[in-house]
Amino acid sequence: MIIIGDDWAQDHHDIELMSENGDVLARFRVQENVDGLAELLAKITEHSREADDDEDGDEEVLVGIERDNGPWVSALRSYGYVVYAINPVQSARCRSRFSLAGAKSDVGDAHVLADTVRTDRRQLRAVADDSLEVEGLKILARTHKTLIWERRRHLNRLRYNLIQYFPAALDAFDDLTSAEAVELLTKAPTPEQAAASTLTQIKAVLKRAQRRMIEDRALAMRTVFRAPGRLTQPGALSSAHAAATVAMLAVAAAIEAQDRPSRRPGHHSVRATPSSTDHQITSRHGSNGRSTGTRRIR
């Protein structure tokens, strides 16, 4: 068995090869390209042949690295290596086992990753040997999740910005992402402009948003916009906040538009189970001949 600690950087990898007994076999750096991969494979082959306990040089290879995707990881998996994706927080905590000062270095991190796989791999999860369709679905799921977080982040900023100069907007709209809120706040982003909106204009916006009880909604919104006694910001500050509001609405709309394709993954890779609302995804057999089984995504 050969264990690899792979400290990944943007364009290179610091590698440590370790035996099953914890002996360091080699330390070196390779670039993340075809030549670097070839150099790594040559080193693995060299030390496999030197192993006394494996005459045919076909040893099991385990890899510890702080990521589970990308062309480098895919290449390692294609050679039948078992790849363990170790969370950077997890590896940082393991670092204290080797250095009380917690000093960080690329060479040291590669050693930590290799030894963590050697001693604690029963507590780690190997990267699943999924089909290309499932890998694509995972990318779409991660993208969808990221866009949801970004959208929520921008909406929180929008809400905070409105509190600074136009709190009536938060009373008028339950959902700042609704069609009527986006249109009205884009066309009338200041308290003065919103108060000047006529009942007819508000009703037209609600009609385009396909809302019900348009008359009552429009009257309630105009009442909120024209409510007396609210504090306002000076003109220059109000205009600056208004420009920020329009920009944030545009960014939120762009995120929403880009998120739509990620909600429609290929149907050939997902099939509904007849007895459950879950979706079942079947992975292909791993390169070691063992089936990776069935995984569920809720």
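A residue counts as buried when its relative accessible area is under 20%. The views below show a predicted model.

**View A. Aspartate 7 in strand β1.** Aspartate 7 has its place in strand β1, which covers residues 2-8. Its relative accessible area is 5%, so aspartate 7 is buried. Apart from neighbours within four places in sequence, aspartate 7 is in contact with His12, His13, Asp14, Glu66, Asp106, Asp109, Ala110 and Leu113.

**View B. Lysine 104 in the loop between α3 and α4.** The loop that holds lysine 104 runs between α3 (88-95) and α4 (106-120). Lysine 104 has a relative accessible area of 58% and is therefore exposed. When neighbours within four places in sequence are set aside, its contacts are Arg95 and Asp109. Asp109 is also among the residues in contact with aspartate 7. Alanine 92 lies 12 residues from lysine 104 along the chain, and the C-alpha atoms of these two residues are separated by 8.7 Å.

**View C. Asparagine 33 in the loop between β3 and α1.** Asparagine 33 is found between β3 (24-31) and α1 (34-50), in the loop that joins them. With a relative accessible area of 38%, asparagine 33 is partly exposed. From C-alpha to C-alpha, asparagine 33 and aspartate 11 are 8.3 Å apart in space, while 22 residues apart in sequence.

**View D. The largest nonpolar core.** This core has 26 residues, of which Leu158, Leu162, Phe166, Phe173, Leu185, Met221 and Phe225 touch the most other members. Two or more residues come from each of the elements α5 (132-165), α6 (168-172), α7 (179-187), α9 (199-208), α10 (214-225) and α11 (235-259). For leucine 158, the residues touched are Leu176, Thr245, Met248 and Leu249, if those up to four places away in sequence are not counted.

**View E. The crossing of helices α7 and α11.** Two packed helices are described by the angle between their axes and by the distance between the axes. Here the axes of α7 and α11 come within 9 Å, and they cross at roughly 145 degrees. The crossing in which α7 passes α11 is left-handed. Helix α7 contributes Val182, Leu185 and Thr186 to the contact, and helix α11 contributes Thr245, Val246 and Leu249. By type, the residues of this contact divide into 4 nonpolar, 2 polar and no charged. Two residues of α11 in this view, Thr245 and Leu249, are also touched by leucine 158.

View F. The structure holds 4 aromatic pairs. One of them joins phenylalanine 173 and phenylalanine 225, with 6.1 Å from centre to centre and 55 degrees between the planes, and this pair is tilted. Why does the pair tie together parts that are 52 residues apart in sequence? Phenylalanine 173 lies in the loop between α6 and α7, whereas phenylalanine 225 lies in helix α10, so the pair links these two parts. Both partners are buried: phenylalanine 173 has a relative accessible area of 5%, and phenylalanine 225 has one of 9%. One aromatic cluster is formed by Tyr165, Phe166, Phe173 and Phe225. Phe166, Phe173 and Phe225 are also among the residues that touch the most other members of the largest nonpolar core.

Key. Residues numbered from 1 in each chain as written. Predicted model: local features only at pLDDT ≥ 70, side-chain atom pairs only at ≥ 80, totals over all residues. Heavy atoms only, no water. Core = buried A, V, L, I, M, F, W, Y, C linked by side-chain atoms within 4.5 Å. Buried < 20%, exposed > 50% of the residue type's maximum accessible area, 1.4 Å probe, protein only. Helix = DSSP H or I, 4+ residues; strand = E, 2+ residues; numbered from the N terminus. Contact = heavy atoms within 4.5 Å. Axes fitted to C-alpha atoms, helices over the stretch in contact; angles between N-to-C directions. Left-handed = near helix turned anticlockwise from the far one by under 90°. Nonpolar A, V, L, I, M, F, W, Y, C, P; charged D, E, K, R; others polar. Phe/Tyr/Trp six-rings, centres within 6.5 Å; stacked < 30°, edge-to-face > 60°.
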